[in-house]
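Reader: I would like to go through some labels used for this structure and hear what stands behind each of them.

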Amino acid sequence: MSDIVLYGMDISPPVRACLLTLRALGLAFEYKEVNLFAGEHRSPEFLQKNPQHTVPLLDDGGALIWDSHAIVCYLVDKYAKTDELYPKDLVKRAQVNQRLYFDASILFMALRNISVPYFLHNVSLVPKEKVNNVSEAYGHLETFLGESPYVTGDTLTVADLCCAATAASLAAVLDLDTVKYPKIAAWLERISKLPHYTEDNLRGANKYIGMLKGSLTIV
Ligand SMILES: N[C@@H](CCC(=O)N[C@@H](CS)C(=O)NCC(=O)O)C(=O)O
């Protein structure tokens, strides 16, 4: 059995970013489902591992790491045969980090600020400003892509995996306008060609979208 254990729930975009990364690295791992709706992430056992009570959580032979962005970087640094997914070159790494922080603080947060109130507190009325945050985030992503196939240039990195896991879920709030954001559409199409993409990201994203879309009312 592998020493790597990933705790998660497949509707979670950051969990799916970790699944995509584990897959890209070809790593064997054990997946432990944490049912957030049943409050399993607030059990004493889970809180002892991650006091922030979030998934994904990685346990690598006793090393406990949470936040998907920290996890994907750690996995590449520790296990990848090359540094392509997370370059060692300082400038390239800084560019990848910038996109990772963009996902962590802007893209995913635009979604989380709507989904958490709904899932945890049944808040289905969504102020227009919160939806505007989603469209603004789409806009930034479109700009970042520029003329490049990936978010930091010519090669796929962990920043693509994190941003794509989130971007594929944004339709829960706001459908991707493919006329306004053709580069995002083409990039997601490119990412969707990754082996096992359906299993690692699409299925969970569709489940997530199905749970939210139609239940939210913009006010
Ligand atoms: N920045 C974190 C966000 C993690 C996060 O918000 N996870 C959600 C599920 S999508 C969660 O565990 N929520 C439960 C909670 O915060 O109590 C990451 O990238 O891992």
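Author: Start with R93, which counts as buried because its relative accessibility is 16%, and buried means under 20% relative accessible area, with exposed over 50% and partly exposed in between (1.4 Å probe, protein chains only). The model is predicted, so local features need pLDDT of at least 70 and side-chain atom pairs count only at pLDDT 80 or more, while totals for chains, interfaces and linings use all residues. Residues are numbered from 1 along each chain as its sequence is written, and side-chain values use heavy atoms, with hydrogens and water left out.

Reader: What makes the pair D77 and R93 a salt bridge?

Author: The term requires a side-chain nitrogen of Lys or Arg within 4 Å of a carboxyl oxygen of Asp or Glu. For D77 and R93 the N to O value is 2.9 Å, so the pair meets the definition. D77 lies in helix α3 (residues 68-79) and R93 in helix α4 (residues 90-121), so the bridge ties together parts 16 residues apart in sequence. Helices here are DSSP runs (H or I, at least four residues), strands are E runs of at least two, and both are numbered from the N terminus.

Reader: Is D200 buried or exposed?

Author: D200 is buried, because its relative accessible area is 5%. R23, at 34%, is partly exposed. D200 touches R16, L19, L20, R23 and P195, leaving aside residues up to four places away in sequence; contact means heavy atoms within 4.5 Å.

Reader: Which residues are linked with R23 in a network of salt bridges?

Author: E199 and D200 are linked with R23 in that network. The structure holds 8 salt bridges.

Reader: What makes D10 and K207 a pair that links distant parts of the chain?

Author: D10 sits in the loop between β1 (4-8) and α1 (13-25), K207 in helix α8, and they are 197 residues apart. Their closest N and O atoms are 3.0 Å apart. K207 counts as partly exposed because its relative accessibility is 43%.
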